[in-house]
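Trainee: Could you go through this model with me? I have some quick questions.
Mentor: Go ahead.
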Amino acid sequence: SSGINAEWPLRPGSQEELGGSGVHCGTSGVAAGAWENDVHTLLQTRRLLQFLPSSNKEKPPICETTDPADREVPALDNIVPNSPIDPYDMKHVVRFLVDEADFFEIMPDYAKNIVVGFARMAGETVGIVGNQPLVAAGCLDINASVKGARFVRFCDSFNIPLIILEDVPGFLPGTQQEHGGIIKHGAKLLYALAEATVPKLTVITRKAYGGAYVVMNSKHIRADINYAWP
């Protein structure tokens, strides 16, 4: 009837537009990643599983590495701009820090203002959570908060220590975020980090302001160690 159509308008679109990989990886956040074909997908799935324990009752596997834990990285001296408004790529920081520059990013096409994924340091699996200054200046918004919270809880479930790389100017302002419930969704990341029992280390690479500073594993929510970038 016309009443039903008015309440539930039907919009034409292809199957890909309604629920394809691009939609669920980049818009809805349902999927963690997509690859070119079945073979590549299986190879990436195998790579992911290499970071994880067989169950939540075990510790993550330790892999041998030729990358010394005490190596110096001169490039890190200049990677963060002096200006607080100039962008830089937090993924570059991650790859400089971790073993063999090997970073398995989770949900790379969704909420790009936060970066999450798995890496190794001294052969041991760690979970990385970092603000991304290249996108929305690294502000936290609804999608970024939910993405970060889900990843933190996953790491906590499988005994994976967390490293937080923080450069956050605050929560993204605007009526769209307020009407969408940024306060309750932002709290999901706060609760996830506050309740996590795995080791949690925060490095503030440049700035950390307001409520977003508190949410990103601050001392106030029982972070184990907090460092400031020299």
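Trainee: How many helices and strands are there in the chain?
Mentor: The chain has nine helices and six strands. Helices (H or I, at least four residues) and strands (E, at least two) are DSSP runs, numbered from the N terminus. The radius of gyration is 19 Å, close to the 17 Å that the globule rule gives for 230 residues, so the chain is as compact as a globular protein of that length. That radius is taken over C-alpha atoms, and the globule rule is 2.2 Å times the number of residues to the power 0.38.

Trainee: What should I know about the source?
Mentor: This is a predicted model, where local features need pLDDT of at least 70, side-chain atom pairs count only at pLDDT 80 or more, and totals for chains, interfaces and linings use all residues. Residues are numbered from 1 along each chain as its sequence is written, and side-chain values use heavy atoms, with hydrogens and water left out.

Trainee: What box do the C-alpha atoms fill?
Mentor: Roughly 70 × 45 × 35 Å, taken along the principal axes.

Trainee: And what share of the residues is buried?
Mentor: Buried residues make up 40% of the 230. Buried means under 20% relative accessible area, exposed over 50%, and partly exposed in between (1.4 Å probe, protein chains only).

Trainee: What about contacts between residues at least 6 apart in sequence?
Mentor: Of those, 69% join residues at least 24 apart. Contact means heavy atoms within 4.5 Å.

Trainee: How many positive and negative side chains are there?
Mentor: There are 20 positive and 26 negative ones, and the centres of the two sets lie 6 Å apart. Lys and Arg count as positive and Asp and Glu as negative, while His and the chain ends are not counted. The place of a charge is taken as NZ of Lys, CZ of Arg, CG of Asp or CD of Glu.

Trainee: Switching to helix α5. Which of its residues are buried?
Mentor: In α5, residues 90-97, they are Met90, Lys91, Val93 and Val94. These residues cover an arc of only 155° around the axis, which puts them on the same side of α5. The arc is that of the directions from the helix axis to the C-beta atoms.

Trainee: What do those buried residues pack against?
Mentor: Strands β1 (104-106), β2 (114-121), β3 (124-131), β4 (162-168) and β5 (200-208).

Trainee: Asn131 next. Is it buried or exposed?
Mentor: Asn131 is found in strand β3, and at 0% relative accessibility it counts as buried.

Trainee: Which residues is Asn131 in contact with?
Mentor: Leaving aside neighbours within four places in sequence, Asn131 contacts Met90, Asn113, Gly138, Leu140, Leu165, Glu166, Asp167, Val168 and Met216. Met90 is one of the buried residues of α5.

Trainee: Where is Pro161?
Mentor: In the loop between α6 and β4. Pro161 counts as partly exposed, at 24% relative accessibility.

Trainee: What does Pro161 touch?
Mentor: Not counting residues up to four places away in sequence, Pro161 touches Thr125, Val126, Gly127, Val198 and Pro199.

Trainee: Last one, where is Asn37?
Mentor: Asn37 is in the loop between α3 (21-26) and α4 (38-49). At 38% relative accessibility, Asn37 counts as partly exposed.
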